[in-house]
Amino acid sequence: MAASNGGALPVVDLAPFFAVGDADDAGARARATEAVREACQATGFFRAVNHGVPHELMARALDLSAAFFALPDEEKAKVRPAEGASASPLPVGYARQPAHSADKNEYLLLFNPKLGLNHYPAEPAGFRDALEECYAKLTDLGLLIQDILSECMGLPPGFLEEYNADRGFDFLTALRYFPATSSDENNGISAHEDGNCITFVLQDGVGGLEVLGEDGRWVPAEPVEGSIVVNVGDVLQVLSNKKFKSATHRVVRRPGAHRHSIAFFLNLHGDKWVEPLPEFAAHAGEPPRYRGFRYNEYMQLRMRNKTHPPSRPEDVVHITHYDI
Ligand SMILES: O=C(O)CCC(=O)C(=O)O
Ligand SMILES: [Fe+2]
């Protein structure tokens, strides 16, 4: 069988967090928590299995997404609110990366369906339901992983839950990457770190997602059916004063096939203040490695990277902007 074993990505089995009444649950939960801690300190990337998101839903959402992106461009372009009309932090609906962008993909973006801000495609039938079901399940998974992270960061129970209690800034993107046209025309998403708290990726069988390993080599996050790739974003790297890594990752396009993925971003409210927590700085006898900032300021600087790409790569804003 050509399927890989998932390469070098650590696998975390979340089953013990869903089991009830088994005497060994506490031990199994502690082992899973330790595996998350190790992965987040090493690269910030792992693969979750038995995560509570039904495999049938994941496959259905990816299939319907492929059917949507296969529609003619005029159809897809209808799923876009008028310029300036969006009340959401990012434009909802369909978009294709601009021609000047090094990233070669198109996507459909939605916020929390409960906010009523989204624009959905009329076709294919069932796509909206699948996206909304995914959104709800991935939010639940985000809250579970956030609890596990709170625990493995040694924070008081419920700390991150309280710090990041607002679900108004999370978003989901269904993505389609175009096939590579040659071996040097194959960038899907350039190497980056996610700015948010925690990201999940569901992907079809094509492959191309890669994470930068500790030794500086790219490790493929090969598709493994039913698994979800999890990565830590910049917010957790800052809170943990660099103890937890915001994973550097990219997507390399493969020849001969479009690639489909669904990414969910557990985010932070724009008004939140982000700085190294005392547990990782003063109380640990460590100097803070970042100055504090309001999250919205960082989100806006990152948006500017896209809307007004700086001509010099060193002017692109990353979390290093707040380095001390
Ligand atoms: O499509 C993927 O596999 C990853 C997407 C990603 O890294 C992003 O949107 O930030
Ligand atoms: Fe990303």
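Biologist: At what angle do helix 1 and helix 4 pack?
Modeller: This is a predicted model. In it, helix 1 (residues 25–42) and helix 4 (residues 127–152) pack at about 80°. Their axes are 9 Å apart.

Biologist: So what do we call that, parallel or perpendicular?
Modeller: Roughly perpendicular, because angles of 65 to 115 degrees count that way.

Biologist: Which residues make the contact?
Modeller: Helix 1 gives T33, V36 and R37. Helix 4 gives I148, L149, E151 and C152.

Biologist: How do those divide, nonpolar, polar or charged?
Modeller: There are 4 nonpolar, 1 polar and 2 charged residues in that contact.

Biologist: New topic. What surrounds ligand 1?
Modeller: T173, L175, I189, D194, V201, Q203, L209, H249, V251, S261 and A263. By class, that shell has 6 nonpolar, 4 polar and 1 charged residues.

Biologist: Which elements give two or more residues to the shell?
Modeller: Strand 5 (171–177), strand 7 (198–203), strand 11 (249–252) and strand 12 (259–266).

Biologist: Where is G188?
Modeller: In strand 6 (residues 187–192).

Biologist: Is G188 buried or exposed?
Modeller: Buried. G188 has 25 other C-beta atoms within 10 Å, and 20 or more is the cut-off for buried.

Biologist: What is G188 in contact with, beyond its sequence neighbours?
Modeller: Setting aside residues within four places in sequence, G188 contacts D103, K104, N105, Y177, G208, V251, V252 and R253. G188 and R254 are 66 residues apart in sequence, yet 9.0 Å apart in space, C-alpha to C-alpha.

Biologist: Now the backbone. Which peptide bond is cis, from E123 to what?
Modeller: The one from E123 to P124, with omega near -10°. P124 is in the loop between strand 4 (105–111) and helix 4.

Biologist: What is phi of N241?
Modeller: Near 55°, a positive value in a residue other than glycine. Phi of K242 is positive too, near 75°.

Biologist: Where do N241 and K242 lie?
Modeller: N241 is in the loop between helix 6 (234–239) and strand 11. K242 lies in the loop between helix 6 and strand 11.

Biologist: Why does N241 count as buried, and what about K242?
Modeller: N241 has 20 C-beta neighbours inside 10 Å, so it counts as buried. K242 has 18, so it counts as partly exposed.

How values were computed: Residues numbered from 1 in each chain as written. Chains lettered and ligands numbered in written order. Predicted model: local features only at pLDDT ≥ 70, side-chain atom pairs only at ≥ 80, totals over all residues. Axes fitted to C-alpha atoms, helices over the stretch in contact; angles between N-to-C directions. Helix = DSSP H or I, 4+ residues; strand = E, 2+ residues; numbered from the N terminus. Parallel < 35°, antiparallel > 145°, perpendicular 65-115°, else oblique. Contact = placed C-beta atoms within 7 Å. Nonpolar A, V, L, I, M, F, W, Y, C, P; charged D, E, K, R; others polar. Near = placed C-beta within 6 Å. Buried ≥ 20, exposed ≤ 12 C-beta atoms within 10 Å, placed from the backbone.
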